[in-house]
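This report describes the fold, the confidence and one residue of the structure shown below.

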Amino acid sequence: MRSLTTWLSSRGPEVAQALDQHREAICTAVTNRLRSTFSGLLSDVESRAGGQYQQMTFSRTPQRLHRLLLVALALQAPSVLQREIEWSVRLLLRHGVTQHHIQSMVRWYFEAAQREAALDEQDRNYLAALEETILATVYAIEDESS
């Protein structure tokens, strides 16, 4: 198997395009799963913000991950994805979102992406490697709010 960097330079833009063609289905599936699995998450912020915060967050977070992944694929730059994930996770941890919540959302995103986008086995394997890289990044960040 060739390196992730080599795969990104040869296949990244095409895989980004394939994923983006299914953006709506992928992000909607993740949003629905967040709503059903973590219905109590962010409820304290929700009450202070006057409602709709939770639904907006559950909808926008998968879309943000999608856009970040597209940038990393199209620009062949996983480091951009890693830096943004680190920043986002630190921010979310301060608001009661745990690593478990974030890792679940990442897994659900990639499950939906694998299900919706018609990718060959090699592309699926490299996409799974990107997923593991993101999950490892999330896992490595300490909860600074503790």
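## Secondary structure

Helices (H or I, at least four residues) and strands (E, at least two) are taken as DSSP runs and numbered from the N terminus. By this definition the protein contains 7 helices and 0 strands, and its elements follow the order α-α-α-α-α-α-α from the N terminus on.

## Basis and confidence of the model

The model is predicted: local features need pLDDT of at least 70 and side-chain atom pairs count only at pLDDT 80 or more, whereas totals for chains, interfaces and linings use all residues. Residues are numbered from 1 along each chain as its sequence is written, and side-chain values use heavy atoms, with hydrogens and water left out.

The pLDDT, the predictor's confidence in each residue from 0 to 100, averages 84 over the protein, and 83% of the residues score at least 70. Among the elements, helix H6 (residues 99-116) has the highest mean pLDDT (94) and helix H3 (residues 43-49) the lowest (55). Where pLDDT is low, the predicted coordinates should not be read in detail.

## Burial and contacts

Of the 146 residues, 40% are buried, that is, under 20% relative accessible area with a 1.4 Å probe, protein chains only. For contacts (heavy atoms within 4.5 Å) with a separation of 6 or more, 76% join residues 24 or more positions apart.

## Glu-131

Glu-131 lies in helix H7 (residues 121-140). Glu-131 is buried, because its relative accessible area is 12%. Leaving aside residues up to four places away in sequence, Glu-131 touches Val-106, Arg-107 and Phe-110.

Methods. Buried < 20%, exposed > 50% of the residue type's maximum accessible area, 1.4 Å probe, protein only.
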